[in-house]
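Student: I am new to this structure and would be grateful for a close look at a single part of it. Could you please take me through the aromatic side chains and what surrounds the topic?

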Amino acid sequence: MNGIRRASVAPGGWIGGGGRDMTYCVGMLVDAGLVMIADTRTNAGVDDISVYRKLHSLAEGPDRTVFVATAGNLSTTQNVLAQLAEGLPAIDDGSPPRRIADMSSMFRVAQLVGEAIQSAKAHIGRALEAAQVSAGVSFLLGGRIGGGPLALYRLYPEGNFIECQKEQPFLQIGETKYGKPILDRALQYGTELSEVVKVGLISFDSTLRSNLAVGKPLDLVVVPADPSQPITERRIGVDDPYFNDLSARWSLMLNEARATIPDPPFMPD
């Protein structure tokens, strides 16, 4: 922990010299639907760990469903969410503020969120950076508008974004390296929705075991591609029986699989 300076709490990043990621969020978009999962651990030092929700609903209604997962500086994140709730300034005089409720597509929503990120950094970024505190944030944005298809975007600290594609049907922010291998090996665009949730939770289990800066509870949302099917939202706590059983089974099966692989032939008996 040497070199890590204490500062304001930030969900998704160590503040100060180390610049170390300490959150994990993943979005998975397959033919059957959208799954987003985020942890809740925040940290401003080894003795200042708390819980902060990082998976937020930006719009829920008959014509739009929009969720966002956040990583980065807490004050920047809250500024962005507040701007989106109040509406960004109108482009023309006399026009109403621009809100997610008025956007015609998920692409337009991504543009609006990116603009809010840019605005937040412009307002508070200079002061934070003068104090050697990163103001950067990263977002995962997922959902649908009207009868349009589900979409998933990753937004960067500069406000630009990329869209999730079928060839790699997932996007991550935060501490990504421990949870990525299972996603690369086990997730395809045609994977069933329940299996997507399982793979996502295994990805989190791998991250939780390898990085103490990521922690439960986890927040989960499942949005089926069929708009007539219900949306599932769940908080997975420390004592969640399904997650703990999944974790134990995965560890056992990994050890059993390892034991079946022949020893290297170049090693002595």
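Tutor: Two rings of Phe, Tyr or Trp are counted as a pair if their centres lie within 6.5 Å. The model discussed here is predicted. With that cut-off, the structure holds three aromatic pairs.

One of these pairs joins Y24 and F204, with 4.5 Å from centre to centre and 35° between the planes. The arrangement of Y24 and F204 is tilted, because an angle under 30 degrees would count as stacked and one over 60 as edge-to-face. Y24 belongs to strand β1 (residues 24-30) and F204 to helix α4 (residues 193-210), so this contact ties together parts that are 180 residues apart in sequence. Both Y24 and F204 are buried.

Another pair consists of F107 and F161, whose centres are 5.8 Å apart and whose planes make an angle of 70°. This pair is edge-to-face. It too links distant parts of the chain, as F107 is in helix α2 (residues 106-130) and F161 in strand β9 (residues 161-163), 54 residues apart. F107 has 38% relative accessibility and therefore counts as partly exposed. F161, at 24% relative accessibility, also counts as partly exposed, because the buried class requires a value under 20%. Together with Y153, the residues F107 and F161 form one aromatic cluster.

The cysteines may be considered next. The count of disulfides comes to zero, where a disulfide would require two cysteine sulfur atoms within 2.5 Å. C25 is buried, with a relative accessible area of 0%.

Most residues other than glycine have a negative phi, and most peptide bonds are trans. Against that background, the peptide bond from K216 to P217 is cis, with omega near 5°. Q132 is not a glycine, yet Q132 has a positive phi of about 60°. The position of Q132 is in the loop between α2 and β7 (137-145), and α2 is the helix that holds F107. With 63% relative accessibility, Q132 counts as exposed.

Conventions
Residues numbered from 1 in each chain as written. Predicted model: local features only at pLDDT ≥ 70, side-chain atom pairs only at ≥ 80, totals over all residues. Heavy atoms only, no water. Phe/Tyr/Trp six-rings, centres within 6.5 Å; stacked < 30°, edge-to-face > 60°. Helix = DSSP H or I, 4+ residues; strand = E, 2+ residues; numbered from the N terminus. Buried < 20%, exposed > 50% of the residue type's maximum accessible area, 1.4 Å probe, protein only.
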